[in-house]
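Dear colleague,

I am handing over the structure below. My notes on what was found follow it.

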Amino acid sequence: MVIGSVILTQWIIAASMVLGGLIIGIIVEKIFISRIKKAIAKTKYKMDEIVIGAIRDVTIIWFVVAGLYLASHNVSLSPNVLNITHKIMLVVLILSGTWVLAKVAVGFVNLYGEKTDGTLPSSSIFANLTKVLVFLIGILVVLQSLGISITPMLTALGVGGIAVALALQETLSNLIGGFQIIASKQIRPEDFIQLDSGEEGYVVDINWRNTTLRALQNNIVIVPNSKLASIIVRNFQLPEEEISVRVECGVSYDSDLDKVEKVAIEVAKEIMCEVEGGIPEFDPVVRFKIFADSSINFTTVMQAREFSDQYLIRHEFVKRLHKRFAEVGIEIPFPIRTIYMKESRQQERR
């Protein structure tokens, strides 16, 4: 009975240690680390915020492992069981530490991408590769800590790399294509692009396999990186975001073209100053183009801040120009065509 009571007491103490570790971990995470994170958030230093945020995710795990470690020395366990328990705790600590390092590394990569103004674009391909690299190192450390030699494994990976490369040709092609796209700096996240196949949209992300576009209809277009790197692409935000807006119109042959030009420029200037997306400092231009079948056609050139702004600008310009032409008596003719028929042919038909 005495032995049983001692063993029960040992297990109760051990459970209390584990529970105490859990409680302390929760207190540290919810109170101390949360306060530190809030204090850091008010400063301009983002690196500290990244580190504290990563540590917060594993604080409870570390304190629970500490409680388990103390508990394992307060109960009667066989050497084999104790060794296995310690190895499991060691693996948990290494993997949790790897998680922290991966999150910190990814945070630093993203922060560097924001600070370098496009030198390292903010795309998930770098974040994912950094995460994979850190976890790969963590796994190798785990194997080495467990007494498993990693030298044969590295040799096997080197030999098997050829077979893997052959089996994953398409995946590697997309991965290399993603690097080519980012390195060229000709397609960047948030750019509006149009493919030679007609698809267009804002670049949302460039990952290890494909590039994601968000079309103006708010749906998603997914393009493999290898294809995007080898086709003709129009980037509407390079070399600058501002885009020309051209509106075609026609007036009758009886119109005073000087007056037409003056009215069209006045309306265009109003649009540039009053419509969202217009550029007030831009001076609109009117250029007459051609003597068409029923009208003299001209083009009014305005400018929008970015691609999507052109639709509202064109919409308002057409409305206001139509109204202004009606007010000043400028005619926008219907398409007409005069047909002359010879009298002899008419008589033959009779």
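Aromatic pairs

F135 is partly exposed, at 25% relative accessibility. Please keep in mind that the model is predicted.

The whole structure holds eight aromatic pairs. One of them joins W99 and F135: the pair is tilted, with 6.4 Å from centre to centre and 55 degrees between the planes. W99 belongs to helix α4 (residues 79–115) and F135 to helix α5 (residues 124–145), so this pair ties together parts that lie 36 residues apart in sequence.

Surface patch

L19, L22, I23, I26, I27, I31 and F32 make a nonpolar surface patch of about 580 Å². One of these residues, I23, sits in helix α1 (residues 2–41). I23 has 43% relative accessibility and is therefore partly exposed.

Around D48

D48 is found in helix α2 (residues 46–56). With a relative accessibility of 41%, D48 is also partly exposed. Along the chain D48 and K37 are eleven residues apart, and their C-alpha atoms are separated by 8.5 Å.

Regards

Notes. Residues numbered from 1 in each chain as written. Predicted model: local features only at pLDDT ≥ 70, side-chain atom pairs only at ≥ 80, totals over all residues. Heavy atoms only, no water. Helix = DSSP H or I, 4+ residues; strand = E, 2+ residues; numbered from the N terminus. Buried < 20%, exposed > 50% of the residue type's maximum accessible area, 1.4 Å probe, protein only. Phe/Tyr/Trp six-rings, centres within 6.5 Å; stacked < 30°, edge-to-face > 60°. Patch = residues over 30% accessible without salt bridge, like charges linked within 9 Å, V, L, I, M, F, W, Y side chains within 5 Å. Areas by Shrake-Rupley, 256 points an atom, 1.4 Å probe, with all protein chains shown as cover. Salt bridge = Lys/Arg side-chain N within 4 Å of Asp/Glu carboxyl O.
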